[in-house]
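Look over the sequence and the model first, then read on.

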Amino acid sequence: MEKVSFVPGKRKYLFCADKQGMEILQPVIDLVIEKKLPFELFSIEHPVFEWLSKQKMGSFLYVAMEWDKLHAMKQLAEEVGFSAEEMQYIGYGGQSENVFCCRCHGITETIWQEKLEINCRHCDLLLEVSDHYSSLKNAYLGYVAKL
Ligand SMILES: [Zn+2]
């Protein structure tokens with residue numbers, strides 16, 4: 001698992017995580033408290049979009065949660081306007097998901113990772129895993145990855 005690291009010089013520190021994720025972030029939270037820096041903890045059980053969108057520029061966002069949730073969270077943060085330099089993500093665990101191949105229509109089972117690209121188990125095509133879940137196929141749709 002990746003290690004969380006403290007990024008100095010930010011106006012405010014935001015920690016967004018589930019229960020296990022908070023434990024992962026704890027070393028940095030402790031440090032921020034020790035340095036008496038402004039921070040906010042946010043549990044993902046609450047609507048996160050509203051909370052994120054009212055944050056001011058110069059805040060730094062830490063996120064720690066399961067890989068599958070993390071992916072959605074990342075997109076949300078980007079929508080709100082956080083750039084890659086203003087966030088740090090730690091993913092853990094993860095459940096296996098099915099990915100539907102756009103070329104051969106085969107199903108490949110994969111564990112959610114940060115890099116959502118896999119090779120189709122059937123035709124070896126490099127697939128980019130999308131957010132589109134097909135309940136019909138019981139799988140996420142995989143598109144041809146852009147190289
Ligand atoms: Zn395929």
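Among contacts in the chain (heavy atoms within 4.5 Å) between residues at least 6 apart in sequence, 56% join residues at least 24 apart. This is a predicted model: local features need pLDDT of at least 70, side-chain atom pairs count only at pLDDT 80 or more, and totals for chains, interfaces and linings use all residues. Residues are numbered from 1 along each chain as its sequence is written, and side-chain values use heavy atoms, with hydrogens and water left out.

The chain has three helices and nine strands. These are DSSP runs: helices are H or I with at least four residues, strands are E with at least two. Their order along the sequence is β-α-β-α-β-α-β-β-β-β-β-β. The C-alpha trace spans about 55 × 30 × 25 Å along its principal axes. Of the 147 residues, 41% are buried.

Now the metal. The zinc ion is coordinated by C101, C104, C120 and C123, each through SG, at 2.3 Å. Donors are N, O and S atoms within 2.8 Å of the metal (3.2 Å for Na, K and Ca). Their spacing along the chain is C-x2-C-x15-C-x2-C.

| Residue | Relative accessible area | Class |
|---|---|---|
| C101 | 0% | buried |
| C104 | 33% | partly exposed |

Buried means under 20% relative accessible area, exposed over 50%, and partly exposed in between (1.4 Å probe, protein chains only).
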